[in-house]
Amino acid sequence: MAGAGLKDAAAIVGIGQTAFARQLAEDERTLACRAVLAALDDAGIAPGEVDALASYTMEQTDEVELAKAVGFGDLTFFGKVGYGGGGSCATVAHLAAAIASGQATVGVAWRSRKRGSGPRPWTDTAVQLPTPGQWTRPFGLLRPVDEIAMLARRYMHEYGVTRDHLFNVALACRNRANQNPAAVMYERPLTREMYMTSRWISEPLCLYDNCLETDGALACVVVGRERARDCARQPVYVHAAAQGLPAQHHGMVNYWNDDPLTGPAWTAARHLWKHADLTPEDVDVAQIYDAFTALVPLSLEGYGFCARGEGGAFTEQGALEIGGRLPVNTGGGGLSEAYVHGFNLVNEGVKQLRGTSTAQVPGAATCLVTAGEGVPTSALLLRS
């Protein structure tokens with residue numbers, strides 16, 4: 001996915017989003033159309049020029065519906081990526097690859113979701129026991145949080161990660177959301193006392209270790225390098241991209257791996273850095289998938305920002321805040337801005353490199369964006 005032919009060959013030139021809330025009146029298709037039209041308007045590109053689409057297998061708005069409603073031209077590339085939040089960055093990567101290889105010229109990636117007011121995926125009894133689920137759900141691991149809680153407990157046991165380390169993640173995301181008027185948690189501060197006294201969701205993960213449940217939609221527009229120079233907005237280049245599915249992987253719990261804490265991030269990271277001209281030391285800001293706080297220190301290790309077992313300690317002394325070693329999730333992330341399967345992290349990465357974030361990192365020129373850790377995943381290395 002991240003070969004030499006892809007390096008800087010495509011750029012994100014438009015981003016769009018709807019409002020975020022626990023409950024929005026419009027349906028998912030309408031929200032998708034609004035986000036896509038906003039992204040195209042941001043790019044200065046007419047809907048009829050779009051010839052490629054990419055989204056998630058869990059996306060309820062299909063290509064035919066979207067193409068008719070928005071007014072696309074003939075589509076020559078379209079695809080969907082599986083594994084929920086693990087697919088966020090891959091949607092952009094697939095478009096970049098299609099454009100770099102001549103399959104398309106203007107691509108749109110999107111995600112529309114009513115997770116706040118809609119059903120929770122694990123409540124669908126028709127899909128409760130796929131083969132992997134037979135090794136988890138009969139034993140009480142009914143929800144994603146239960147599976148990640150087990151990994152978090154092992155992380156604490158083996159490497160001394162503490163609840164204070166997880167609080168550092170939650171606090172950094174909340175602080176950035178407090179600066180972002182579009183965030184669900186705008187002007188709603190978080191304190192250590194609030195965190196430490198909140199109810200368990202699945203021990204050792206408390207309320208504030210869990211992402212929000214949100215209605216909303218986001219989209220972005222991808223074009224080739226030459227076209228990007230003529231678009232309305234400053235292009236943000238896809239310098240490298242990768243997907244990762246480790247050998248003998250078992251979603252969330254990683255039962256069959258020698259080290260269950262070595263998740264898909266490690267596989268994606270090896271491929272990403274192999275095909276990049278940059279290293280972790282060159283990254284100015286990161287948007288790290290944060291469905292649960294524990295995924296952030298695990299991802300810091302996987303993507304090479306610190307050594308094995310040092311992810312918790314990395315969060316200390318304000319390292320994740322603006323001015324710290326690695327500012328993260330500068331729009332608030334899934335924990336405090338909105339949870340739309342990680343697509344807001346992609347758009348926030350673009351804002352940072354345009355210099356338009358509500359929590360701007362001074363001089364940011366490179367941004368790592370990651371998709372869901374614990375499931376087959378993906379990542380983008382963006383540059384201005």
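How are α1 and α2 oriented to each other?

Mentor: This is a predicted model, in which local features need pLDDT of at least 70 and side-chain atom pairs count only at pLDDT 80 or more, while totals for chains, interfaces and linings use all residues. Residues are numbered from 1 along each chain as its sequence is written, and side-chain values use heavy atoms, leaving out hydrogens and water.

The axes of α1 and α2 come within 10 Å and cross at roughly 55° (axes are lines fitted to C-alpha atoms, for helices over the stretch in contact, with angles from 0 to 180 degrees between N-to-C directions). The two helices are therefore oblique to each other (under 35 degrees is roughly parallel, over 145 roughly antiparallel, 65 to 115 roughly perpendicular, and the rest oblique). Their crossing is right-handed (the near helix is turned clockwise from the far one by less than a right angle). On the α1 side, Arg29, Ala32, Cys33, Val36, Leu37 and Leu40 make the contact, and on the α2 side Glu65, Leu66, Ala69 and Val70 (contact means heavy atoms within 4.5 Å). By class, eight of these residues are nonpolar, none polar and two charged (Ala, Val, Leu, Ile, Met, Phe, Trp, Tyr, Cys and Pro count as nonpolar, Asp, Glu, Lys and Arg as charged, the others, Gly among them, as polar).

Now the sheet beside them. It is open, with nine strands in the order β3-β2-β4-β7-β1-β8-β11-β10-β9 and mixed pairing (helices, H or I of at least four residues, and strands, E of at least two, are DSSP runs numbered from the N terminus; two strands pair if DSSP finds at least two bridges between them). Its edge strands are β3 (77–81) and β9 (285–287), each pairing on one side only. From one strand to the next, the twist averages 25°. Helix α1 (residues 28–43) packs on this sheet, touching β1 (10–17), β4 and β7 (215–224), and its direction makes about 130° with that of β1. Helix α2 (residues 63–70) lies across β2, β3 and β4, running at about 130° to β3. Of these strands, β2 (residues 52–56) and β4 (residues 106–114) run parallel and are joined by three bridges, with Ala52 opposite Gly107.

The loop between β1 and α1 holds Thr18. Thr18 is buried because its relative accessible area is 11% (buried is under 20%, exposed over 50%, partly exposed in between, with a 1.4 Å probe and protein chains only). Beyond four places in sequence, Thr18 touches Leu24, Leu31, Arg34, Ala35, Gly216 and Ala217.
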